[in-house]
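Thank you all for making time for this. Please have the sequence and the model open while I talk, and I will go through them piece by piece.

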Amino acid sequence: MSTVLIANPKGGSGKTTLATNLAGYFASRGRHVVLSDMDRQRSALQWLDRRPYKLPLIHGQDARGKHAISLSADWTIIDSPAGLRGEKLSNAVKEVDFVIVPMQASAFDIGATRDFLQLLQEEKAVRKGRTFVAVIGMRIDSRTRAAAGLQEFLTASGFPAVGNLRSAQVYALAAEQGASLFDIRPSQVQRDLQQWAPLLHWLVNNDKRLQK
Ligand SMILES: Nc1ncnc2c1ncn2[C@@H]1O[C@H](COP(=O)(O)OP(=O)(O)O)[C@@H](O)[C@H]1O
Ligand SMILES: [Mg+2]
């Protein structure tokens, strides 16, 4: 039983995209997955409502206003609202195994995420190595100056950077259909699937350490 919190106080940073695709990944591997939604907007649960029954099953959990961990799941993926901070953030970080922070490369996003990473750094569970934190770049065009700026920022942040996901229409198309990239024929999304490898390795390898 492992739990992943997806968090960044900035709206539109890619939390729900990351949460739904990660849930889709573990479901595609035959794991028992709970997608837990702390956001009042219920975007993750609405995605689940659209999910065709023939795709691998993901269980939904309404966790509005609180964090929620499912004891029966192999993986609980928690999507969180914009603005998560303070006591709610501390309580959630304490209870999860992993925090993944999705962020875009603009100066606005870097500015908004800097304080948040600092807050995470100060959390006891993070300092003691009980909760693992990683950052992933979202909608990154690797040829841009902004992407280079993000890399520099992430290196200085002290948290592992577990890759960059490029901006691709397939994320919006899949979202409309209640699907993840892992539900689509791999030949159609090969390049995007490759970009998930560092994040998935990081999760699975650290999970093995936790289970020992
Ligand atoms: N890699 C990507 N490529 C293209 N669009 C993306 C990508 N990641 C996120 N998006 C889009 O960006 C918007 C905001 O993402 P979302 O996951 O809803 O952010 P949040 O949950 O943090 O508010 C959505 O329309 C989503 O489809
Ligand atoms: Mg969201």
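Predicted model: local features only at pLDDT ≥ 70, side-chain atom pairs only at ≥ 80, totals over all residues.

In strand β5, F98, I100 and P102 point one way while V99, V101 and M103 point the other way, and all of them are buried, where buried means under 20% relative accessible area, exposed means over 50%, and partly exposed means in between, computed with a 1.4 Å probe on protein chains only. The strand is therefore described as mostly covered, with six of its six residues buried.

Residues are numbered from 1 along each chain as its sequence is written, chains are lettered from A and ligands numbered from 1 in the order in which they are written, and side-chain values use heavy atoms, with hydrogens and water left out.

Let me stay with β5 and turn to its partners, where two strands are said to pair if DSSP finds at least two bridges between them. Strand β5 pairs with β1 in the parallel sense over three bridges, and there L5 stands opposite V99. As background, the strands of a sheet pair through backbone hydrogen bonds, either parallel or antiparallel.

What is the order of the seven strands in the open sheet? Reading across, the order is β3-β2-β4-β1-β5-β6-β7, with parallel pairing. Strands β3 (59–62) and β7 (161–165) stand at the edges with a single partner strand each, so one side of each is left without a neighbour in the sheet. On average, neighbouring strands are turned by 20° against each other, direction ignored, with axes taken as lines fitted to C-alpha atoms, for helices over the stretch in contact, and angles running from 0 to 180 degrees between N-to-C directions.

Further along the sheet, β2 (residues 33–37) pairs with β4 (residues 75–79) in the parallel sense over five bridges, and D37 has D79 as its bridge partner in β4. Helix α1 (residues 15–28) packs on the sheet and touches β1 (2–6), β2, β4, β5 (98–103) and β6 (132–138), and its direction makes about 165° with that of β4; contact here means heavy atoms within 4.5 Å.

Strand β2 is also joined to β3 by four bridges, and these two run parallel, with L35 standing opposite G60 in β3. Between these two strands the chain crosses through helix α2 (residues 43–50), and this β-α-β crossover is right-handed, which means that, with the strands pointing away from the viewer, the path from the first strand over the helix to the second runs clockwise.

In the loop between β2 and α2 we find R42, whose phi is near 55°, a positive value in a residue other than glycine. Is R42 buried, partly exposed or exposed? Its relative accessibility is 25%, so R42 counts as partly exposed.

Several residues of α8 are buried, including D192, W196 and L203. Another residue in α8 is L200, which is buried with a relative accessible area of 10%. Not counting residues up to four places away in sequence, L200 touches L22, Y25 and F182.
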